[in-house]
Amino acid sequence: MQTVAGTSFIEPFTVEIDVNRGEMPRAKHHIVRRASDMRGHYADQEALERLIADSGDPVHYEVFEVPVPEEYGHLMYCISTLQPGTVGDECFMTKGHYHTVVNTGETYLCLRGEGYMIMKTSDGRFNAQPMVRDRMVYVPPYWAHRSVNTGDEPLVSYCVYGAEAGHNYGDIEQEGFIKRVYRRSGAVEIV
Ligand code: PAN
Ligand code: ZN
């Protein structure tokens, strides 16, 4: 068998996914982001500090993955589980990022819950796609992406992307996502 330089040969494998709990039980990487990891991301920073102080710094979201080599040709995949809730009236969300290798896309298959994937480009385009069970969002290359939970249960999705992608959080932290997602009197507003 001939292999290609830069793409490691590995053995095939399978993973278990617990769709209802939003977990990959035997994940090797388990990233947990709490409310305190989200400082600087919400419009109402005082509301975030109150949430951290009064609710024991609750878990915001978790990412489970069995990593593969971060190389062109491999596909990274993960389960991402974002809890429901609001900071002030802004819905819980992930930090969001561009891929470091900007021309790598990603798919998000929503397994449970409801929300939005909000996306923006470095030249100021904005797009929001609904995330709801059995629906897949395609995040094309170049788009920064953030998931937002607008419902009352965890938003669970299965993501797949080029394993060489990398995550660039810094640029979008500086730029912001143009719009925010709120739940006011039960209605979702993207403004
Ligand atoms: C996802 C995200 C995951 C967490 O796996 O990494 O939903 O969001 P943040 O990375 O923005 O905190 C993905 O888009 N990977 O590329
Ligand atoms: Zn991504």
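Me: How much space lies in the largest pocket?

Reply: About 390 Å³. That volume is the space filled by probe spheres set on grid points, which are joined across faces, edges and corners. This is a predicted model, where local features need pLDDT of at least 70, side-chain atom pairs count only at pLDDT 80 or more, and totals for chains, interfaces and linings use all residues. Residues are numbered from 1 along each chain as its sequence is written, ligands are numbered from 1 in the order in which they are written, and side-chain values use heavy atoms, without hydrogens and water.

Me: What makes a residue part of the lining of a pocket?

Reply: On a 1 Å grid over the protein atoms alone, a pocket is an open set of points with protein on both sides within 12 Å along at least five of seven lines, and a lining residue has an atom within 4 Å of a point. The lining of the largest pocket has 26 residues, and Val63, His97, Tyr161, His167 and Tyr169 are the closest to its centre.

Me: Why is ligand 1 said to sit in the largest pocket?

Reply: To sit there, a molecule needs more than half of its atoms within 2 Å of the pocket's grid points. Ligand 1 sits in the largest pocket, so it passes that test.

Me: Which residues come nearest to ligand 1?

Reply: A residue is near a molecule if one of its heavy atoms lies within 4 Å of it. There are 17 residues around ligand 1, and Tyr61, Gly96, Tyr108, His167 and Tyr169 come nearest.

Me: Why does Tyr108 have a polar contact with ligand 1?

Reply: A polar contact is a pair of N or O atoms within 3.5 Å. A polar side-chain atom of Tyr108 lies 2.6 Å from an oxygen atom of ligand 1, so the pair qualifies. For Tyr169 the value is 2.6 Å, and for His145 it is 3.2 Å. The protein buries 97% of the 390 Å² that ligand 1 exposes when taken alone, with areas from the Shrake-Rupley method and a 1.4 Å probe.

How values were computed: On a 1 Å grid over the protein atoms alone, a cavity is a set of points where a 1.4 Å probe fits but cannot get out, and a pocket is an open set with protein on both sides within 12 Å along at least five of seven lines; lining residues have an atom within 4 Å of a point. A polar contact is a pair of N or O atoms within 3.5 Å; within protein, one must be able to donate a hydrogen and the other to accept it, and residues adjacent in sequence count only if both atoms are side-chain atoms.
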